[in-house]
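This report describes a two-chain model, beginning with the contact between the chains and then turning to each chain. Please read it alongside the sequence and the coordinates.

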Amino acid sequence: MGLLDWFSGKRSEDTQLNVFGGSDDIVNTSEPSRKLANQKLHDEIKSRGGTRQTHAATNRIVTENMTGHGPSELYEGLGIKPDRSLLPTEAKEALTVGDIAAKNQIQQDDAKGHEQIVDSVDKGTKKARKLFPW
Amino acid sequence: MKLEQLKQVTFQTWEFLNWQRDVTADFGDLLREVSQYGDLESKETWERAFVAIEATSLYYPALDGHQLIQLVFTHPHEPELIEYNDQILKQFLQFPSSLDRLEIGLEQLYYQPTSPGDRQDALTFLKRLAEVEEIKMEFPSSVSMLETAATSVDMAA
């Protein structure tokens with residue numbers, strides 16, 4: 001199945017007839033970004049029963065799998081304060097890909113609760129990691 | 001929170017902290033750690049231990065500043081996080097980079113909001129932070145600024 005098939009299925013699910021029998025079909029064309037990708041991942045975790053530890057574990061695993069370094073090592077190695085917004089662009093790109101991969105894997109696995117979510121995050125980001133040169 | 005529940009939560013938080021540190025530890029290690037805070041039969045001892053262990057776990061740089069502010073300090077949903085939130089914040093602020101992390105988070109929430117509630121969360125948390133810490137940060141809070149931010153959030157959504 002390609003994106004067109006998936007998208008047409010999604011649109012028919014989303015479309016609801018209005019009172020005149022027509023449809024209110026609004027396509028979301030907002031631009032993706034690092035922050036939105038991260039927010040969508042964490043919204044997904046929240047809605048699936050994640051705790052603060054699930055959020056923290058997810059960030060650690062995404063960082064570790066996508067950059068090859070745990071958060072402490074990465075920030076200390078770069079000599080920056082610990083916050084993703086301060087990372088070099090290449091690292092931000094890798095983490096964005098990781099966040100998107102993690103969210104899609106969580107949805108595909110229908111993961112619920114801390115253990116399942118963390119397993120899906122690990123699985124999804126290990127797949128995505130192979131694309132990067134380091 | 002009852003003592004038994006507090007002990008369970010402390011043990012679980014301790015296990016998570018060990019996972020973050022890549023070390024293995026057993027229940028005996030936890031008891032040795034907790035006993036540094038007083039008598040193991042006393043609830044106050046376990047409260048002090050939980051607060052210290054939780055704050056240390058938050059110090060590990062996994063959560064960004066804006067996530068600490070929103071998930072942990074402004075909209076906590078786990079009972080232990082709600083009950084001991086002020087103590088955890090005070091303890092967390094003892095670590096060297098904690099204030100920096102929170103200030104970065106505040107700026108992001110206020111100046112680059114991605115959700116309608118971000119700016120309000122920043123204002124609420126800044127006020128709370130200023131009560132326990134000397135803060136130089138100040139946000140313009142005029143109505144026109146708030147309207148501008150609300151519009152940019154709507155457009156981004």
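How many residues of chain A are in contact with chain B, and how many of chain B with chain A?

## The contact between the chains

In this predicted model, 19 residues of chain A are in contact with 21 residues of chain B. On the side of chain A that touches chain B, at least two residues are supplied by each of α2 (34-47), α3 (52-67) and α4 (71-78) of chain A. Of the elements of chain A, α3(A) gives the most to this side, with six residues. Sorted by class, the side of chain A that touches chain B holds five nonpolar, eight polar and six charged residues.

## Chain A

Chain A has six helices and zero strands, and along the sequence its pattern reads α-α-α-α-α-α. Taken along the principal axes, the box filled by the C-alpha atoms of chain A is roughly 60 × 30 × 25 Å. Of the 134 residues of chain A, 35% count as buried, and among the contacts in chain A with a separation of 6 or more, 60% are between residues 24 or more positions apart.

Gln39(A) is placed in helix α2 of chain A, one of the helices that supply at least two residues of the side of chain A that touches chain B. Gln39(A) counts as partly exposed because it has 17 C-beta neighbours inside 10 Å, a count that lies between the limit of 12 or fewer for exposed residues and that of 20 or more for buried ones.

The secondary structure of chain B comprises nine helices and zero strands, which follow one another along the sequence in the pattern α-α-α-α-α-α-α-α-α. Buried residues make up 36% of the 157 residues in chain B, and residues 24 or more positions apart account for 65% of the contacts in chain B with a separation of 6 or more.

The domain assignment divides chain B into domain 1 (1-60) and domain 2 (64-157). The contact between these domains takes ten residues from domain 1 of chain B and twelve residues from domain 2 of chain B. On the side of domain 1 that touches domain 2, the largest share, eight residues, comes from helix α3 (residues 43-59) of chain B. By class, this side of domain 1 has eight nonpolar, no polar and two charged residues.

## The largest nonpolar core

The largest nonpolar core has 52 residues, and those with the most contacts inside it are Phe50(B) and Leu106(B). Helix α3(B) provides the largest share of this core, nine residues, and the core draws at least three residues from each of domain 1 (1-60) and domain 2 (64-157) of chain B.

Which residues does Phe50(B) touch, not counting those up to four places away in sequence? With that exclusion, Phe50(B) touches Leu6(B), Val9(B), Thr10(B), Thr13(B), Glu80(B) and Tyr84(B).

## A helix crossing in chain B

Helix α4 (residues 65-74) and helix α7 (residues 98-111) of chain B have axes that come within 6 Å and cross at roughly 85°. The two helices, α4(B) and α7(B), are therefore roughly perpendicular to each other. Their contact is made by Gly65(B), His66(B), Leu68(B) and Ile69(B) of α4(B) together with Arg101(B), Leu102(B), Ile104(B), Gly105(B), Leu106(B), Gln108(B) and Leu109(B) of α7(B). By class, this contact has six nonpolar, four polar and one charged residues. Leu106(B), one of the residues of α7(B) in the contact, is also one of the residues with the most contacts inside the largest nonpolar core.

## Positive phi values in two loops

Most residues other than glycine have a negative phi. Asp110(A), although it is not a glycine, has a positive phi of about 50°, and its place is in the loop between α5 (89-109) and α6 (113-129) of chain A. Asp110(A) is exposed, with 9 other C-beta atoms within 10 Å.

In chain B, Asp22(B) also has a positive phi, near 60°, and lies in the loop between α1 (3-21) and α2 (27-35). Asp22(B) counts as exposed because it has 7 C-beta neighbours inside 10 Å.

Methods. Residues numbered from 1 in each chain as written. Chains lettered and ligands numbered in written order. Predicted model: local features only at pLDDT ≥ 70, side-chain atom pairs only at ≥ 80, totals over all residues. Contact = placed C-beta atoms within 7 Å. Helix = DSSP H or I, 4+ residues; strand = E, 2+ residues; numbered from the N terminus. Nonpolar A, V, L, I, M, F, W, Y, C, P; charged D, E, K, R; others polar. Domains from an automatic or database assignment. Core = buried A, V, L, I, M, F, W, Y, C linked by C-beta atoms within 7 Å. Axes fitted to C-alpha atoms, helices over the stretch in contact; angles between N-to-C directions. Parallel < 35°, antiparallel > 145°, perpendicular 65-115°, else oblique.
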